[in-house]
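These are my notebook entries on one protein model. I record what I looked up, entry by entry.

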Amino acid sequence: MAKYECPDCGYVYDEKTGCEREGYPAGTQWEDIPEEFPCPDCFVREKPDFEALEGKQ
């Protein structure tokens with residue numbers, strides 16, 4: 001499962017764990033997250049700004 005990072009604050013969306021507090025349960029794929037998804041930590045960046053972490057870990 002992939003991970004995506006907010007370039008502003010470093011929050012990581014992990015498909016494996018999802019983001020329960022925003023209504024996305026574990027296993028929710030990145031492509032199922034709406035484009036207007038704001039970073040749940042900083043609320044500055046939206047989904048298109050997130051960077052894939054594949055190959056960086």
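Which residues have the most contacts inside the largest nonpolar core? I found that this core has 13 residues, and that those with the most contacts inside it are Tyr11, Tyr13, Trp30, Phe37 and Phe50. A nonpolar core is a set of buried Ala, Val, Leu, Ile, Met, Phe, Trp, Tyr and Cys residues joined through side-chain atoms within 4.5 Å. Buried means under 20% relative accessible area, exposed means over 50%, and partly exposed lies in between (1.4 Å probe, protein chains only).

**Basis of the entries.** The model is predicted: local features need pLDDT of at least 70, side-chain atom pairs count only at pLDDT 80 or more, and totals for chains, interfaces and linings use all residues. Residues are numbered from 1 along each chain as its sequence is written, and side-chain values use heavy atoms, with hydrogens and water left out.

I noted an open sheet of three strands in the order 2-1-3, with antiparallel pairing. Strand 2 and strand 3 stand at the edges with a single partner strand each, so one side of each has no neighbour in the sheet. Strands (E, at least two residues) are DSSP runs, numbered from the N terminus, as are helices (H or I, at least four residues). Two strands pair if DSSP finds at least two bridges between them. Strand 1 (residues 3-5) and strand 2 run antiparallel and are joined by three bridges. Within this pairing, I found Glu5 opposite Val12 in strand 2.

**Asp14.** I located Asp14 in strand 2. Why does Asp14 count as buried? Its relative accessibility is 13%. The Asp14 side chain reaches the backbone nitrogen of Lys16 at 2.8 Å. Asp14 also touches Ala2 and Lys3, not counting residues up to four places away in sequence; contact means heavy atoms within 4.5 Å.

**Aromatic pairs.** How many aromatic pairs does the structure hold? I recorded eight. Rings of Phe, Tyr and Trp (its six-membered ring) pair if their centres lie within 6.5 Å; planes under 30 degrees apart count as stacked, over 60 as edge-to-face and the rest as tilted. Tyr11 and Phe50 form an edge-to-face pair, 6.5 Å centre to centre with 80° between the planes. Tyr11 lies in the loop between strand 1 and strand 2 and Phe50 in the loop between strand 2 and strand 3, so the pair ties together parts 39 residues apart in sequence. Both Tyr11 and Phe50 are buried. The rings of Trp30 and Phe37 have centres 6.2 Å apart and planes at 85°, so this pair is edge-to-face. Trp30 is buried at 9% relative accessible area, and Phe37 is buried at 2%. Ring pairs link Tyr4, Tyr11, Tyr13, Tyr24, Trp30, Phe37 and Phe50 into a cluster.

I placed Phe43 in the loop between strand 2 and strand 3. Phe43 is exposed, with a relative accessible area of 54%. Phe43 has a positive phi of about 55° although it is not a glycine. Most residues other than glycine have a negative phi. Pro38 lies in the loop between strand 2 (12-14) and strand 3 (51-52). Pro38 is partly exposed at 27% relative accessible area. Pro38 touches Phe43, Arg45 and Glu46, not counting residues up to four places away in sequence.

Key:
Polar contact = N/O pair within 3.5 Å; in protein donor to acceptor, adjacent residues only side chain to side chain.
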